[in-house]
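Me: I have a chain open and would like to go through it step by step. Can we start with the helices?

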Amino acid sequence: MEHITFLVAVVIITALAFDFTNGFHDTANAMATSIATGAFKPKVAVTVAAVLNFAGAFLSVKVATTISGGIVNEKAGLQPSIIFAALAGAILWNLLTWLRGLPSSSSHALYGGLIGATVVGVGLHGVNFAVVLSKILIPAVASPIVAGLAAWGATKLAYRLTRNGREATTNKGFKTGQVFSASLISLAHGTNDAQKTMGIITLTLVSVGALPKHALPPTWVIVSAGAAIALGTYMGGWRIIRSMGKGLVDIQPPQGFSSETAAATVILTSSHMGYGLSTTQVCSGGIMGAGLGGPKKQVQWSLARRMVYTWGLTLPAAATVAGAAAFLADQGAWGVALVGAALVIGSGAMWVISRRQPVHAGNVNEVTPVEVTPVPAPLTPTPASTTVAA
């Protein structure tokens, strides 16, 4: 029992560590466009997002119950070591995509990790694939499209309604609107994403009999999950903020307000219905829709393609890593220790690599030379070339 108690504590700490990475990985969802347009200063943006993520954690537990009693079968004999392996796979994928500046889905990393570890540790019967299809895969495909279409329409409407106004006045008004729309996304993100860690911790407690099956998250679980995601949000995932705010679309205030409003509506609706969708995909879809709805109709499709490829890889990649970790963890205490060591070493290595080209609040709105495609200068005849031609 002492071993189980220690392992449960390790799993809870690791779950909160995942929640922390979820926070800084997904800060961009709410604040990238507002920082890019100047509606929020970078440090103010992450502070507001952190506070509202914490508040959002208390609004609902429906997504938490989708994880703790939906994706996996609580009666299948799930052990804390399997959940630990799932978290290891999710954290490593989160950090890898953060290092690359790719706005992938923290949610799908967690789902993939949980599915992969459960299949290896328990068997296929441990996963409720009908729930995976209805509440994860279908929303994963539909939600960015819905958000994109809504943002496209809202952007078209915004520009039409303000076509006779002064640009400076119009932009000022939309920036004010972004203060509220970005804040709403932060609240929605806390409502949706903080619950996922609540569900993991609750599942762990159910697996050792500390809670009855189908139990709701205890208050201390809600508070700790909300605090962890808020702290991660405050740290700011500046690399992904740069990609979403400056790399995907040259976002303007009307587009920023439209994309944020559309994304917040989709996220809050899905949270109410218990869908564990990816807030990253929703917000990215909203930004692309707003880009196409603007007067320039511009989207950096090379980055968009990389993002979509990453979205498709996230769940199977995290599942593969977590499955390998579950195989090791199932060997006993030494296997669990080896998984923990790999997690610490891998996380540390990626942090060290990130320090070579740091992105922070001071340079987050700068576009690096790699991201800018140079426009060739027009060829003009020089005296020498004229002479040769003659």
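**Helix α7 and the rest of the chain**

Reply: Helix α7 covers residues 167–207, which is 41 residues, and its first and last C-alpha atoms are 58 Å apart, close to the 60 Å expected at 1.5 Å a residue. The expected span is 1.5 Å times one less than the number of residues. Helices here are DSSP runs of H or I with at least four residues, strands are runs of E with at least two, and both are numbered from the N terminus.

Me: What am I looking at, and how are things numbered?

Reply: This is a predicted model, where local features need pLDDT of at least 70, side-chain atom pairs count only at pLDDT 80 or more, and totals for chains, interfaces and linings use all residues. Residues are numbered from 1 along each chain as its sequence is written, and side-chain values use heavy atoms, with hydrogens and water left out.

Me: Where does α7 bend?

Reply: At glycine 190, by about 25°. The bend is the angle between axes fitted to the seven residues ending at a residue and the seven starting there.

Me: And what comes after α7?

Reply: Glycine 209 follows α7, with a positive phi near 80°.

Me: Why is α7 called largely enclosed?

Reply: Because 29 of its 41 residues are buried, α7 is largely enclosed by the rest of the structure. Buried means under 20% relative accessible area, exposed means over 50%, and partly exposed is in between, using a 1.4 Å probe and protein chains only.

Me: How many helices and strands does the chain have?

Reply: There are 14 helices and 0 strands.

Me: New topic. Which residues does UniProt list as "transmembrane region"?

Reply: The unreviewed entry lists several spans, including 108–129 and 334–353. UniProt positions use the numbering here, feature names are shortened, and annotations may be inferred rather than shown by experiment.

Me: How much helix is in 334–353?

Reply: Residues 334–353 are 100% helix and 0% strand, with end C-alpha atoms 28 Å apart.

Me: And 108–129?

Reply: That span is 68% helix and 0% strand, and its end C-alpha atoms lie 15 Å apart.

Me: Where is glycine 121?

Reply: Glycine 121 is in helix α5, residues 106–121.

Me: Is glycine 121 buried or partly exposed?

Reply: Glycine 121 counts as partly exposed, because its relative accessibility is 26%.
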